Amino acid sequence: MAHQPRIIVHGGAGSISRKNLPPGSTAYNSYITFLRNVLITGYTDLFNGASALDAACYVVKLFEDNPLFNCGRGSVFTRDGKNELEASVMVTRGRGSEKRGVGVTLLRHVKNPILLAKELLVRGDETKHNYLSGDEAERLAESWGLEIVDDSWFWTERRWMEHLRGLENEHRGDNHREEMEEYLPQGTVGCIVMDRQGSICVATSTGGMTNKLTGRVGDTPTLGAGFWAEEWEVPREIERPIPNASPLMKGLEYFLPECFPIQSTSAQLEKYPSTKTRAIALSGTGNGEYFLRLVAAHNVAARCRFGNRTMKVAVKEVVGEGGEMQRAAESIGKWGTGEGEGGFIAMNEKGEVAFDLNCGGMFRGYIDDHGTTKVAVYRDEELY
């Protein structure tokens, strides 16, 4: 059965406000326009038969090439003034499902980390590893024909100034969070798609945390923390009327029910075992340490699989307002400092999408059942 292509994206979450990113401003319109464009691009590819893996990775590549976002060319700097990039990809079925999911990290010269993650996923005959980092990952990237660039490719003035301001604040011992005059996206970018075969893919990329220690590994490349995709079977019993027909017809109707839509005049029912496929995929963004501590993406999936939660409820319980991430920060007196903040986008086996967040905003968007792009930035903003 052919599935309706679906797509949802995010471009980072954090202390976004109408003060530091005014509605209708040039910056606001740049983000919104880009979100709409990548949604249309990804949806068109899926509609034309692209696999979920190809479409999701291509959309994230577009994010990586845009210096507006904290990934690829727009990545933040480490404390030492370096760029160390991370990415991940995971599928529920189809190409790449042997490994299911992979992560790459500590990259300084791979132009598009998401393309390295994709190659690592599908090249199971060359390496069985699910997680690679640093020099060896970059050596493989070059041998696989991926584009390698000089450090200067990732240098942008506004990220460099952000880096210097952070160091200056640390030197002064000023650890309280100030609202930026111009909001610079933090966290991660991500894309989840479903293709016509029903395969779901999640792709995620980031530059990490501003002024992180060199060598820090975050949630984005860590399976179960910043991303997850899973498919499972749920046993069930199907009830079917016993038709008033010959024994031969009864047997045929039992084994080929779709060919015999005969309504029985008898009230007697019979039951037979069956299964139902369920799936979920998630991409997170925000304060990565809390996604790691709570294994947040798998946490949501487990609530759906083992706790019988709906996708929307499970996402809210972990990353929504008052959810587990917020409570974790509150428990150590850190809520309100940026710790514990974040958001998720999600998709299930029906192509239904969900999102939630506990901070000021998250760049997000999807294409609805009518093929219309729906986007938003602030937490309290209706998608339009």
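**Close-up views of a predicted model**

Figure 1. The model shown here, as in every other view, is predicted. The loop between helix 1 (26–47) and helix 2 contains Asn48. Is Asn48 buried or exposed? Asn48 has a relative accessibility of 61%, and it therefore counts as exposed, the cut-off for this being over 50%. Between the C-alpha atoms of Asn48 and Gly218 the distance in space is 35 Å, while 170 residues separate the two in sequence.

Figure 2

**Figure 3. Strand 2 pairs with strand 3 and with strand 6.** Strand 2 (residues 85–91) and strand 3 (residues 101–107) run antiparallel and are joined by five bridges. Within this pair, Leu85 is opposite Leu107 of strand 3, and Ser88 is opposite Gly103 of strand 3. The pairing of strand 2 with strand 6 is also antiparallel and extends over six bridges. Here Ser88 stands opposite Thr204 of strand 6.

**Figure 4. Both faces of strand 2 are covered.** In a regular strand, side chains alternate between the two faces of the sheet. How many residues of strand 2 are buried? Seven of its seven residues are buried. Leu85, Ala87, Val89 and Val91 belong to one side. Glu86, Ser88 and Met90 belong to the other.

**Figure 5. Helix 3 is largely enclosed by the rest of the structure.** Helix 3 consists of residues 113–122, and eight of these 10 residues are buried, so the helix is largely enclosed. The buried residues are Pro113, Ile114, Leu116, Ala117, Lys118, Glu119, Leu120 and Leu121. What covers them? The covering elements include helix 2, helix 4, strand 2, strand 3, strand 4 and strand 6.

**Figure 6. Helix 2 packs against helix 3.** Two packed helices are described by the angle between their axes and the distance between the axes. For helix 2 and helix 3, the angle is about 155 degrees and the axes are 8 Å apart. This angle makes helix 2 roughly antiparallel to helix 3, because angles over 145 degrees are classed in that way. From helix 2, the residues in contact are Leu53, Asp54, Cys57, Val60, Lys61 and Glu64. From helix 3, they are Pro113, Ile114, Leu115, Lys118, Leu121 and Val122. The residues of this contact comprise eight nonpolar, no polar and four charged.

**Figure 7. Helix 8 and helix 9 cross with a right-handed sense.** The axes of helix 8 (residues 296–305) and helix 9 (residues 311–319) come within 9 Å of each other and cross at roughly 140 degrees. The two helices are therefore oblique to each other. Ala296, Asn299, Val300, Arg303 and Cys304 of helix 8 meet Met311, Ala314, Val315, Glu317 and Val318 of helix 9. Among the residues of this contact, seven are nonpolar, one is polar and two are charged.

**Figure 8. Strand 8 pairs with strand 7 and with strand 9.** Strand 7 (residues 227–241) and strand 8 (residues 269–286) run antiparallel, and 15 bridges join them. In this pair, Ile238 has Tyr272 of strand 8 as its bridge partner. Strand 8 also pairs with strand 9 (residues 342–348), in the antiparallel sense, over seven bridges. Leu282 stands opposite Ala346 of strand 9.

Conventions. Residues are numbered from 1 along each chain as its sequence is written. This is a predicted model: local features need pLDDT of at least 70, side-chain atom pairs count only at pLDDT 80 or more; totals for chains, interfaces and linings use all residues. Side-chain values use heavy atoms; hydrogens and water are left out. Two strands pair if DSSP finds at least two bridges between them. Helices (H or I, at least four residues) and strands (E, at least two) are DSSP runs, numbered from the N terminus. Buried means under 20% relative accessible area, exposed over 50%, partly exposed in between (1.4 Å probe, protein chains only). Contact means heavy atoms within 4.5 Å. Axes are lines fitted to C-alpha atoms, for helices over the stretch in contact, and angles run from 0 to 180 degrees between N-to-C directions. Angles under 35 degrees count as roughly parallel, over 145 as roughly antiparallel, 65 to 115 as roughly perpendicular and the rest as oblique. A crossing is left-handed if the near helix is turned anticlockwise from the far one by less than a right angle, and right-handed if clockwise. Ala, Val, Leu, Ile, Met, Phe, Trp, Tyr, Cys and Pro count as nonpolar, Asp, Glu, Lys and Arg as charged, and the others, Gly among them, as polar.
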